[in-house]
Structures are given as structure tokens and as C-alpha cells.
Amino acid sequence: MTQEHLYSSDSAATAEILFRMHYKDMYRMAYTLLHDAEESRDVVQSVFLQLIDRRVAIEPQTARSYLLTATRHACLNLMSRKKTEERMQRLYPRELEVLSLPAEEQEQRWRAINRFIDEGLTPQTSRVLRLCYDKGLSYREAADELGISVAAVNKHMVQALRKLRERFNPTAP
């Protein structure tokens, strides 16, 4: 089997060969960006899983570059999601108080929030919010899935969060 054939194959065997050849460099890049061994391993693994799922054809001369770029993008997406989560925790500390409520009250509050998302937001705003928070997609990924611009995703997210804050935390800034 030639190297060119290996790289153009759509099998898990190709991913395994690429994994063995490039894992260390990909892990090093991820660790440099994330400073966390477990997250770095997870990111590299997710890059290879996407490679298998999407059946990406990679040229031998660009495989290393492609994989390192994919790793860097996956790290940046993870860092962006983490930064958003941290901002949400700072902006909405009251939501964290929900966790200290009895289980039944927590459940009622989450049901009310979910009901509001389904009934109090436009269908498109609800879809955007669920893709970004429930599925953990980046704004770019949500935009691609819905066939809209990243700016439109941002607009829907701002609108959704503002309405949720007004409804469930009216004293928040």
C-alpha cells in the first residue's frame, strides 16, 4: 500500500496511521495552548474522530499541517467555549444559586427556563440557543448548521440571553 493511497483512504486504519505519525506533535500543540493534559488528549482525539467521521482525504505532503491546524482550531474553539462559560458564571451568579436549591425546586426552575426557551423566544432564537448551549456548538458551527451568518447567531444569542435575564433574573445588570 503506498503512502498516497493510505492518506486518501476513508477508513479508520488511515486515521490510526496518521495518529501514530502525528499524535505527539498534535498533543504538544494542544498542551501549549490549553495547559491541561487531559483536555489536550481529548482535543487530539476529537480531531481524529472528526477525521474518521467526515472521511477527509488528506494529501501526504499536507497531512501534518492539516492535523496541526485542525488541532489548533479545536483548541481555540474549546478555549472560546470555556471563556463564554466563565463569563456566564460571572454575569449570572444567581443561576448558580439554583444548584443550592432542593432538587425539586431546581427541576421546576429548569423546566420553567426550558418552557420559556420553547415558548417565549422565536423558533430561530430558540434553535440557536439550544445549538450553542445544549450541543456546545461554536457560533460558526451553529451558523453553518442553520445556514445563517455568524452575526445572526450572535444577534439571536444576545436576544435570548437578554430575555432570559429579564424573565428569570430581573435584578441582574
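Predicted model: local features only at pLDDT ≥ 70, side-chain atom pairs only at ≥ 80, totals over all residues.

Read along the sequence, I get the pattern α-α-α-α-α-α-α-α-α for the protein chain. That comes to nine helices and zero strands, where helices are DSSP runs of H or I of at least four residues, strands are E runs of at least two, and numbering starts at the N terminus.

Residues are numbered from 1 along each chain as its sequence is written, and side-chain values use heavy atoms, with hydrogens and water left out.

**Whole chain.** I looked up burial next: of the 173 residues, 31% count as buried (under 20% relative accessible area; exposed is over 50%, partly exposed in between, with a 1.4 Å probe and protein chains only). For contacts (heavy atoms within 4.5 Å) between residues at least 6 apart in sequence, I find that 55% join residues at least 24 apart.

**Second largest pocket.** I used a 1 Å grid over the protein atoms alone, where a pocket is an open set of points where a 1.4 Å probe fits, with protein on both sides within 12 Å along at least five of seven lines, and lining residues have an atom within 4 Å of a point. Which residues lie nearest the centre of the second largest pocket? They are Q50, A70, A74, N77 and E141, out of 20 lining residues. α3 (37-54), α4 (63-91) and α8 (139-146) each supply at least two residues of this lining. Its space is about 570 Å³, taken as the volume filled by probe spheres set on grid points joined across faces, edges and corners.

**Two loop residues.** S138 sits in the loop between α7 (123-134) and α8. Is S138 buried or exposed? It counts as buried because its relative accessibility is 13%. Leaving aside neighbours within four places in sequence, S138 is in contact with N77, R81 and C132. H35, in the loop between α2 (12-34) and α3, has a positive phi near 55 degrees, and it is a residue other than glycine. H35 counts as exposed, at 60% relative accessibility.

**Cysteines.** C132 is itself buried, at 10% relative accessible area, and C75 counts as buried at 0%. I counted zero disulfides, taking a pair of cysteine sulfur atoms within 2.5 Å as the rule.
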